[in-house]
Amino acid sequence: MHPLVRSSSRAAHAVARLRGAVDRVRWSDERGSAPAEFVMVSALLLALLLAVLQLGLALHVRNTVTDAASEGARFAALADGSAAAGVERTRELIVTALGPAYADDVTAAEGEHLGVPSVEITVRAALPLFGLLGVDRGLEVRGHAALETLP
């Protein structure tokens, strides 16, 4: 083999080994990785925390509206009560606990529930998905109460 060919292949082999060594040093150097990992993990944990808080808020709104509908139905079912009084009581409870935006659509109807004459209060409100903003009328709950009668 010609000496120039042999020396050029040796040089190419040496350059390849040098590049491999530089790449190994570059990729195995962990300086500065802790702050980057901290930022990535913190962002993930913050997103998880905000999701849990949002779920808690949505459940609070649902439970509050459900309780107000049930209380309004019981109020309307009293012997001297009316469906309009039940609607007003439901609105009052929702406005006190959550604000007027959640008390827009409250209706009452008399009928039967499980074969018993009853009053049904229906509340349609926003389901909070991002803070208190959310799907309009995405939450619908009903409260039932048996009608009282005087003898």
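In which order do the three strands form their open sheet, and is the pairing parallel or antiparallel? The views below take up this question and then move on to the helices.

**View 1. The whole chain.** This is a predicted model, in which local features need pLDDT of at least 70 and side-chain atom pairs count only at pLDDT 80 or more, while totals for chains, interfaces and linings use all residues. Residues are numbered from 1 along each chain as its sequence is written, and side-chain values use heavy atoms, leaving out hydrogens and water. You can find three helices and three strands here, following the pattern α-α-α-β-β-β along the sequence. Helices are DSSP runs of H or I with at least four residues, strands are runs of E with at least two, and both are numbered from the N terminus. Of the 151 residues, 22% count as buried (under 20% relative accessible area with a 1.4 Å probe, protein chains only; exposed means over 50%, and partly exposed lies in between).

**View 2. The open sheet.** Here is the reply to the opening question: the order is β1-β2-β3, and the pairing is antiparallel. Two strands count as paired if DSSP finds at least two bridges between them. β1 (105-113) and β3 (133-146) stand at the edges with a single partner strand each, so one side of each has no neighbour in the sheet. On average, neighbouring strands are turned by 25° against each other, direction ignored.

**View 3. Where β1 meets β2.** Strand β2 covers residues 116-130, and nine bridges join β1 to β2.

View 4. Helix α2 (residues 33-77) lies across β2 and β3, running at about 160° to β2. Helix α3 (residues 83-97) packs on the sheet and touches β1 and β2, its direction making about 135° with that of β1. Axes are lines fitted to C-alpha atoms, for helices over the stretch in contact, and angles run from 0 to 180 degrees between N-to-C directions.

View 5. Which residues of α3 are buried? They are G86, V87, T90 and I94. These residues cover an arc of only 100° around the axis, which puts them on the same side of α3; the arc is that of the directions from the helix axis to the C-beta atoms. The buried residues of α3 pack against α2, β1 and β2 (contact means heavy atoms within 4.5 Å). On the face turned away from the buried side, look for the exposed residues A84 and T96.
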